[in-house]
Amino acid sequence: LNAKWVQIRDNLVGVSRKWNRPLHITELGYPSHPGAPQEPWAIPGGGQIKADWQIQEKCFRAFWTAWENRKEIVHTGVW
């Protein structure tokens, strides 16, 4: 998760620098199920699976770790 967010960050920073614009991430979210890192948009089993709060925390922490102390990102909306 950490390595992937660093890769995503580096790609977005490149775009930010190219256009000389700050980054606004309009929507960031991870559901609390085991498949969240691979498919954060999906809710498997019609929502009838057991919550996995640890994986959800790991996903958000990976984002935070990749972006902390960076000036390119000015806003993130979290759901």
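**Close-up views of a predicted model**

View 1. Gln56 lies in helix H2, where helices are DSSP runs of H or I with at least four residues, numbered from the N terminus. The structure is a predicted model, in which local features need pLDDT of at least 70 and side-chain atom pairs count only at pLDDT 80 or more, while totals for chains, interfaces and linings use all residues. Residues are numbered from 1 along each chain as its sequence is written, and side-chain values use heavy atoms, with hydrogens and water left out. With a relative accessibility of 19%, Gln56 counts as buried (buried means under 20% relative accessible area, exposed over 50%, and partly exposed in between, for a 1.4 Å probe and protein chains only). Apart from neighbours within four places in sequence, Gln56 is in contact with Tyr30, Pro31 and Ser32, contact meaning heavy atoms within 4.5 Å.

**View 2. The crossing of helices H1 and H2.** Helix H1 (residues 2-19) and helix H2 (residues 53-67) have axes that come within 9 Å and cross at roughly 45°; axes are lines fitted to C-alpha atoms, for helices over the stretch in contact, and angles run from 0 to 180 degrees between N-to-C directions. This angle makes H1 oblique to H2, since angles under 35 degrees count as roughly parallel, over 145 as roughly antiparallel, 65 to 115 as roughly perpendicular and the rest as oblique. On the H1 side the contact is made by Asn2, Trp5, Val6, Arg9, Leu12 and Val13, and on the H2 side by Cys59, Ala62, Phe63, Ala66 and Trp67.

View 3. The whole structure holds four salt bridges, each defined as a side-chain nitrogen of Lys or Arg within 4 Å of a carboxyl oxygen of Asp or Glu. One of them joins the side chains of Arg9 and Asp10 at 2.9 Å, N to O; Arg9 is buried, with a relative accessible area of 13%, whereas Asp10 is partly exposed at 40%. Another salt bridge joins Arg61 and Glu57 at 2.8 Å, N to O, and these residues are separated by about one helical turn because they stand four residues apart in helix H2. Arg61 counts as exposed at 52% relative accessibility, and Glu57 as partly exposed at 40%.

**View 4. The network around Arg70 and Glu72.** The side chains of Arg70 and Glu72 meet in a salt bridge of 3.1 Å, N to O. Salt bridges that share partners join Arg17, Arg70 and Glu72 into one network.

Notes: Helix = DSSP H or I, 4+ residues; strand = E, 2+ residues; numbered from the N terminus.
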